[in-house]
Amino acid sequence: MKNIGLLTMITSVVTAVSSCAGGDAPVYLDASAPAAKRVEDLLSRMTLEEKVGQMNQFVGLEHIRKNEASLSEEDLKNNTANAFYPGFTADSVAEWTRQGLVGSFLHVLTIEEANYLQSLALQSRLAIPVIFGIDAIHGNANAPDNTVYPTNIGLASSFDTDLAYRIARETAAEMRAMNMHWTFNPNVEVARDPRWGRVGETYGEDPYLVTKMGVATVKGYQGDLSSDDVLACIKHFVGGSQPINGTNGSPTDLSERTIREVFFPPFEAGVDAGTMSLMTAHNELNGIPCHSNEWLMEEVARGEWGFKGFVVSDWMDIEHIYDLHATAENLKEAFYQSIMAGMDMHMHGVYWNEYVCELVREGRIPESRIDESVRRILDIKFRLGLFEHPYADEETTMDVRLCDAHRQTALEAARKSIVLLKNDGLLPLSPEKYRRVLVTGINADDHNILGDWSADQKPENVTTVLEGLKEVSPETDFVFVDQGWDPRNMSRRQVDRAASLARTCDLNIVVAGEYMYRGRWTERTSGEDTDRSDIDLVGLQNELIEKVHASGKPTVLVLISGRPLGVEWAAEHLPALVNAWEPGMYGGQAIAEILYGKVNPSAKLAVTIPRSSGQVQMIYNHKPSQYFHPYAVTPSTPLYPFGYGLSYNEYEYSDLSIDRTEIPADGQVKVSVKVTNHGAMDGDEIVQLYIRDRFSQVTRPVKELKDFARISLEPGETKTVEFTVTPDKLRFLDKNLKPIVEPGEFIVMAGSSSADEDLLKTSFRVK
């Protein structure tokens, strides 16, 4: 539907509601009234069924129609991406929307469907608009025709919080331009297992970096939470990023100390930053499903942190309290447990309204408890301006989406997210020296470069690696050998063909990695619900790399992946290795620019890269005893450490100093270090500050990131970088889990990565 006549429709809705109220305009339709008064007025007019409907979410009509035609009821049991409702149709959901019994939708991917569903909601008795949620994880990429930025793990590798904020602001604009109001992001889980397929959705393994990126993203999405903004959702609360076997949703067993010191900080900071929605995790935590965990939702989030927003479930996870975790005897009991533990909105399904209303009428759930959740949901709808601006303009939507400024940000982010892991002097490439170049690998010429949570995008809006190479170095003769998109079913014939042609070329570029495309859900090797028992390259990719290298010609390996990959052989034998993560729509251009020296690489790893899955858990901020006994036969060191990344420049760190050597517990220390660019190119360096509590009443990590700065340096330039160490950077939990700054020695480290050899050290004492 077009926007012609929408104003007339809104006016008629207001008139109808006013008529029902006896002629006076209801307070809840008065845009000048405070949101709290509007909420209470509307709540007083709602039936129980309408209230419970506000707490329920459904997938979109087109999503239902597509999947009921291609999936069976049996297929739904383990499917967490697609849905329909056996026994009910899209028309059923449309009618419930018209009756005011639906509060929210997800998996609505076009402005046309969003506007249509909103028009149905406005035909309801009280004309309460629905709120549209979408997995806008790296831009609104899960819907077609939107800007696709690098995924979160790449963005984190930029260590650029201003860039994270800007991407969130631009994403909010593109979402509102297609009538989307709520993003299920940022994912502020602390990723500590590379086998887990969702590492790419996170900001890595370090609580401090995750916190900083998450806070910037929340603020970017939400702004002042008005009609130009979207609702952020911090997720998944909590512990799913360290599952016991590396698989998404499997049990998590963690001490309260680890939960509070490692996993809670990004969530608490997100609450402090003003996030107004929170999503609980798939997993059980220490035997209690997160979706029925009163300690998490009520005692911690609302009680300790003062969270004022609403809690939403993840995909059918309230149902899993019954059919998976088996802590509820039936579906109705699962709903009861979740609501009474603090849940506000159900994602998603047809039985919620019926059973929850029964629970209230039976007296098991007080209606006042339902009112608490509905207040929180309605408050957001008023604050986002949905009652005044229920539609997006279909005529002007593309003036915002994929605009030039957003495209430029996507390119900048890709450039800043790509990590140069190894360079034995081969890079940057010279077109004059390497005139004929082989390009091969599963990710060499594929839209898989967009990453997980990406819909199909038009070819003209995506630059593959092959296309980027041709654009950046048009004088080079690029010889392409297609290896297909599927690493599981690579052709040995094509591998041998690449090996043969490699001998005729001056240089080889192999673009390997994982397969994340959601359109082939069951054939992926990385992404949501796509976990691995190892972190090696899948299929014949290692064989391809080895055979191409055997040509005797220089070989560059480029990795496209959402998780760390244990490419130890390549790291030992190839002269150049690039980790590009999932760089988004302009990833191919950015990779080519870095390979040919048009852009100086600057990214640093936001997560440690182990040599193999046998090293899991491999994190930089481990406890002192973790490697007291080293592994036999294989090294105990990572393949590449957290914070590591090369440049085409050499940066020298010198003159680490502190302004005092002793402070009181509430005092602070200023730390400074000089950084000099000894290279020939302008470049950015990410200066990292780590601290270790030398002796403490409980064991502490060998080092913890406490600050960082991204600086620009011209050739020959020296800059002094200053950090301030405040008490919160020294605080930890004592034996009784109480925060304390303990007297004693603190070691200060500054440098280019978390590796000891890359750090300068000094110390001070707390009196």
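Reader: Which residues lie nearest the centre of the second largest pocket?
Author: In this predicted model, the second largest pocket has a volume of about 1000 Å³. Its lining is made up of 33 residues. Those nearest the centre are Leu-76, Lys-77, Met-316, His-320 and Asp-323.

Reader: Which helix gives the largest share of the lining of the second largest pocket?
Author: Helix 12 (317-323) and helix 13 (331-341) each supply at least two residues of that lining. The largest share, five residues, comes from helix 12.

Reader: How many residues of the lining of the largest pocket are charged?
Author: The largest pocket, of about 1200 Å³, is lined by 35 residues, with Arg-260, Glu-261, Pro-265, Lys-706 and Arg-731 nearest its centre. Helix 10 provides the largest share, 10 residues. By class, the lining has 13 nonpolar and six polar residues, and the charged ones number 16.

Reader: Which residues are closest to the centre of the largest cavity?
Author: There are seven cavities of 30 Å³ or more, and the largest holds about 110 Å³ of space. Of its 16 lining residues, the closest to the centre are Asp-135, Asp-314, Met-347, Trp-453 and Glu-528.

Reader: How many disulfides does a search of the whole structure find?
Author: A disulfide needs two cysteine sulfur atoms within 2.5 Å. For Cys-290, the nearest cysteine sulfur belongs to Cys-233 and is 14 Å away, so Cys-290 is in no disulfide. For the whole structure, the number found is zero.

Reader: Is Cys-290 buried or exposed?
Author: The cut-off for a buried residue is under 20% relative accessible area. Cys-290 has 1% relative accessibility, so Cys-290 counts as buried.

Note on methods
Residues numbered from 1 in each chain as written. Predicted model: local features only at pLDDT ≥ 70, side-chain atom pairs only at ≥ 80, totals over all residues. Heavy atoms only, no water. 1 Å grid on protein atoms, 1.4 Å probe; cavity = no way out; pocket = protein on both sides within 12 Å on 5 of 7 lines; lining within 4 Å. Points joined across faces, edges and corners; volume = space filled by probe spheres on them. Buried < 20%, exposed > 50% of the residue type's maximum accessible area, 1.4 Å probe, protein only. Helix = DSSP H or I, 4+ residues; strand = E, 2+ residues; numbered from the N terminus. Nonpolar A, V, L, I, M, F, W, Y, C, P; charged D, E, K, R; others polar.
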